[in-house]
Amino acid sequence: MVTAVGGRCEQIEVRRMTVSVSLDQRGGATPGGGIDEFLATIETDLRQGTLPVRVFGDPEIYQLELERIFAKCWIFVALEAEIPEPGDYVLRYIGRDQFIIVRDRDGVVRALFNKCRHRGSQVCRSERGTATHFTCPYHAWSYKNTGEWSGAPYRTKAYKELAAAEWGLASAPHVDSVHGLIFASLDAAAPTLDEYLGGMRWYLDAIFGLTPTGMKPIGRPQRWKVQANWKSNSEQHMADAYHVPFLHHSAEDVGMFPGIERGGAGPEGVSRHVFFDEGHGMILNQGYLPAPWHTTGYPPDVAATFELDRLSPEQRTWVEQYSATTFMIFPNLGLVRVPSSPHPQAPPSVFTYLRTWQPLGPNEYVNSNWTLGWKSASDQFNDEAYVAALSMHGPTGILESDDTVVFQGAPNAGASVFARKQGLKFNYQLGLNGMSDYELDPTWPFPGHASTTALGEAPQRAFYHRWLEEMRRP
Amino acid sequence: LTANLTSNLESPAGDLSLELQSRCARFLHREARYLDHRQFNDWLSLLAEDLLYEMPIRLTMQAGAEDREFDGNGFHMKETYESMKMRVHRMYSGHAYAEDPPSRTQRIVANIDVLGHDGAETEVVSNFLCYRSAGDDTAHDLIAGERADVLRETASGLRLARRVVRLAHTTLVPPNMALFL
């Protein structure tokens, strides 16, 4: 049963289970077998294009995802433009942990764990601002914006022998940025951000690097809670054009996106998928709007500010032929760049949004959404794109409202006793072994695997292969 | 209206007639009833065609910086009459799955206060609590906030010309806001 706002009672129960089931109890705690044995079976499922529903509703799996995915992978936390000056900070989450993303007095961007080393109280309680120090309200331990321990009351009498260097705020071992997008990894042994992004790095240049000054957020990020499993959002941003003409048909009905089939995976739909074994992927289009609009969807006055000679010849060729409708960088960073009309008489305005989803449980996550504009574009264009984005996406967007409803089904099925006893699996066979008009394109001259159409689910299967690899790696 | 909800219009609150205050209250109550009963076209008829409707983003800020909770930089909604018309049109499209089957809402509009009046327009603030449930579940959402409205006198009665919805939430409660506040 899928309802607009339903399922909350059940979710409260599931959250309680999250607290009471420790990883040490994994053997008999969950119907359907121990977690390691269960994960060992999924490889075979994925090869057959199936996925057990338990993946979407099991609190033990969620706990393992926090440990093996969110505490290891590079996670997007903020835009450099949000913290331009020394001392500027914003509060952001990685999984369930809150970090102060701060540009320190030396200009270095850090991700400081927002917990006092004395008793764990929040040391920073405004979600954005500028500070030289963060002082805990409990016993007034104080830290510099570098995270270093800075002092405590009666220091010379109270902490005569304190090894101050050891008592700074805990911080993410790795913070790095690309095109103004700040990522952090909580894993000391993580690869570099460039290595982590792999072939996606090439496409980020072609998406964010069209002008020397790049993109900027328009307005503070929106934030809202969704009752769904975070992976539904990942796989949809990665590759799911198939649902667009059906679930989002109202966008055509009201004149927001005329010809919604063009956004789908059918014969009139988007161009193709590009994806990577690392679990990143994109939906590509070849321009939704006729000339004089640019392939990227931008009007001539904005496209005139692009300096494509900043790109390699191959990247330039790609930009002239393709634009990213969406991307998803494993595990939880998404982008959408499409045109939308905020009302039927308004011309379509292309917007770009960036999105993260931080899971709170197997059936709940918090979305954060940044709409981006080009620094080189006029305020008027960026404002119009902002309004177009708000009308279509986000908590109040008329398209996205419908996603939040259908997403509620997977975790409910995943928590169902009946579903587990039946061994119920979801179908990921679209485009598998000749099932549909969908093949890998051996002539694709750019990075990654490219499909010939978007009528397949190869990227989703690649996402879950990566997911499984991380989940099975202690 | 200014950030702390004081009026820019000429008449101080003390000069406002009870009749005006009761007409404004009646307008807001009727609007809530139309929305609770999904009479969206009736609701549209209460809007001025030059409507400006905003729902700004709210941040958590420490005491002393409360004026930066709504810093004017970021919105959940920035609407006009035309865009509201589109949202209403969608409700009748047969494809508005977020509201099909419809959620059940009860809006409680209270603390109505008329702050200023200049003959043509009246500034009114109010609080709202919107209860929303759906399906056969007993779970529900409670959306709370305050609104600063400008109501305009027209030949056919009051019309909503401007609204700022200040939510009591920094992280929105419902997964979708496919409703009107």
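Colleague: Which is N433(A), buried or exposed?
Modeller: First, a bit of housekeeping: this is a predicted model, where local features need pLDDT of at least 70 and side-chain atom pairs count only at pLDDT 80 or more, while totals for chains, interfaces and linings use all residues. Residues are numbered from 1 along each chain as its sequence is written, chains are lettered from A and ligands numbered from 1 in the order in which they are written, and side-chain values use heavy atoms, leaving out hydrogens and water. Now to the residue: buried means under 20% relative accessible area, exposed over 50% and partly exposed in between, with a 1.4 Å probe and protein chains only. N433(A) has a relative accessible area of 72%, so the word for N433(A) is exposed.

Colleague: Where is N433(A) placed, then?
Modeller: Helices (H or I, at least four residues) and strands (E, at least two) are DSSP runs, numbered from the N terminus. N433(A) has a positive phi near 50° although it isn't a glycine. Its place is in chain A, in the loop between β20 (425-427) and β21 (449-450).

Colleague: What is phi of A140(A) near?
Modeller: A140(A) sits in chain A, in the loop between β7 (133-135) and β8 (142-144). At 32% relative accessibility, A140(A) counts as partly exposed. Its phi is positive in a residue other than glycine, near 65°.

Colleague: Which residues does the cis peptide bond with omega near 0° join?
Modeller: There's a cis bond in chain A from A291(A) to P292(A), but its omega is about 15°, and P292(A) is found in the loop between β15 (281-285) and α11 (300-303). Over in chain B, P101(B) has its place in the loop between α3 (81-91) and β3. The cis bond with omega near 0° runs from D100(B) to P101(B).

Colleague: How are α3(A) and α4(A) placed to each other: roughly parallel or roughly perpendicular?
Modeller: The axes of α3 (residues 35-47) and α4 (residues 59-70) of chain A come within 11 Å and cross at roughly 80°. I35(A), F38(A) and L39(A) of α3(A) make the contact with E60(A), I61(A) and L64(A) of α4(A), contact meaning heavy atoms within 4.5 Å. Axes are lines fitted to C-alpha atoms, for helices over the stretch in contact, with angles from 0 to 180 degrees between N-to-C directions; under 35 degrees counts as roughly parallel, over 145 as roughly antiparallel, 65 to 115 as roughly perpendicular and the rest as oblique. The two helices are therefore roughly perpendicular.

Colleague: How many residues apart in sequence are the parts that R162(B) and E54(B) tie together?
Modeller: These two form a salt bridge, with the closest N and O atoms 3.9 Å apart; the term needs a side-chain nitrogen of Lys or Arg within 4 Å of a carboxyl oxygen of Asp or Glu. R162(B) lies in strand β6 (residues 157-167) of chain B and E54(B) in strand β1 (residues 47-56), so the separation of the parts in sequence is 108 residues.

Colleague: Which residues do salt bridges that share partners join into one network?
Modeller: One of the pairs is E469(A) with R473(A), whose closest N and O atoms are 3.0 Å apart. E469(A) is partly exposed at 41%, and R473(A) is partly exposed at 38%. The one network joins R466(A), E469(A), E470(A) and R473(A).
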